[in-house]
Amino acid sequence: MSSLRATMSALSNKHYFNYGGQGPLPSPSLKAMKASWEKVQELGPFTLNVWPYLANEIQQTKIKLAKICGVRPERISLTENVTSGCILPLWGLPFEAGDRILISNCEHPGIVAACMELARRLGLEIDTLDLEVFASLCKKPDEINDELLESLEKSIKPKTKLIVISHILWNTGQVIPIEAIAMSLNQKPQKPYLLVDGAQSFGQIPLKRSAASADIYAFTGHKWACGPEGLGGVVLSERILNEASPTFIGWRTLKNENLIQEDIGNLFHNDGRRFEIATSCIPLLAGLRSSLDLIEEECSEEVRIQQICLLSNQFWEYINDSDCFSTILKIRPNSGLVSFTSKDNKSPAKLTSLLGKKKIWIRSLESPLCMRACFHITTTAQEIEKLIECLTRYTNHS
């Protein structure tokens, strides 16, 4: 058993494959949050004594996140989750009526709905980039990436202002070549902004080059990083900090909340604080840093993704060899997400419910209609065998 797994009480009584939804919280992280709450109360929740402590917690967390993302701490903005990390800077971009947003057909409904509403309000047009089609290709990863970049190139129009895409697709598990996309966009005359949903990448794969090359790279701490829910972040490019105006505005957004009447044209911070709003739960920062430390102590980024892929490939091979199931992604996964369907069209929701009764937890998805299992460094071979055993039994006898 891994030392990290031993700290997760949530894994002691179930077989868990839902890291892409939420990761288990290690007990040291829970203790770190409790200690932080106690410290705040000791200092006084609103006294002159507490502010240096709160400022240090924020700065240490940004330094930690910046190191993982390969950027300066000033480019990090703390948020509640991936959705707010995407939307807060997105709504501040300098759009004009007639501008276009290109969004993939494998994005999470939250960001899709936000783009649709933004388009309705501002008179924008939305175009769709078909990424789901690439899951069915049986080619080398480099060849698939080349075709993906070619498809992106054909989909960009003169008025395309923004590209919205995930680093790891939440419904197929495919890893998207973000750095190559960013390089391609920089050569366009209009230089479209690149917004990346990093919900499934942060805590799972090395992401320095990708996060640093995007304009907006939003992530969360409660999935693969196994931190507390309610805390995430977003990496912002220099041009976002210079060109985007905040839409949600609070005292943390402002350079000086006492001088807003005197300096109307220079209200907002020029760093990541530009998209932070107001009071947030500071003890969560200690919890996330603790989880990130524990994951780093377990193994390096490179070893982590190797172990994850070893496990996901083991399950993917079983599904591909099975007479009862079929994988969505037709090449070996290079992430920990494996989505699959029943060949005889058994209900994913029903199978997921049956597995849950055996304390085996996977997820059913609506688009595409399938089941999804996630494998992390805390997953064991025995758990995978149990999942396979139950899937086989249910499909053969139901």
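Student: Which residues of helix 6 are called buried?

Tutor: Keep in mind that this is a predicted model. In helix 6, residues 178-186, the buried ones are Ile-178, Ile-181, Ala-182, Ser-184 and Leu-185. Buried means under 20% relative accessible area, so each of those five falls below that cut-off.

Student: What puts them on the same side of helix 6?

Tutor: Look at the arc: around the axis they cover only 160°, so they sit on the same side of helix 6.

Student: And what do the buried residues of helix 6 pack against?

Tutor: Their partners are helix 5 (141-155), strand 5 (160-166), strand 6 (193-197) and helix 7 (208-213). Contact means heavy atoms within 4.5 Å, so that is the test behind this list.

Student: How much space lies in the largest pocket?

Tutor: About 850 Å³. It is lined by 32 residues, and Trp-51, Leu-54, Ile-58, Trp-251 and Arg-252 are the closest to its centre.

Student: Which element gives the most to that lining?

Tutor: Helix 2 does, with 6 residues.

Student: What classes of residue make up the lining of the largest pocket?

Tutor: There are 16 nonpolar, 8 polar and 8 charged residues. Trp, Leu and Ile count as nonpolar and Arg as charged, so among the residues closest to the centre, Trp-51 is nonpolar and Arg-252 is charged.

Student: Where does helix 6 come back in?

Tutor: At the second largest pocket, with about 390 Å³ of space. Helix 5, helix 6, helix 7 and helix 10 (301-321) each give two or more residues to its lining.

Technical notes:
Residues are numbered from 1 along each chain as its sequence is written. This is a predicted model: local features need pLDDT of at least 70, side-chain atom pairs count only at pLDDT 80 or more; totals for chains, interfaces and linings use all residues. Side-chain values use heavy atoms; hydrogens and water are left out. Buried means under 20% relative accessible area, exposed over 50%, partly exposed in between (1.4 Å probe, protein chains only). Helices (H or I, at least four residues) and strands (E, at least two) are DSSP runs, numbered from the N terminus. The arc is that of the directions from the helix axis to the C-beta atoms. On a 1 Å grid over the protein atoms alone, a cavity is a set of points where a 1.4 Å probe fits but cannot get out, and a pocket is an open set with protein on both sides within 12 Å along at least five of seven lines; lining residues have an atom within 4 Å of a point. Grid points are joined across faces, edges and corners, and a volume is the space filled by probe spheres set on the points.
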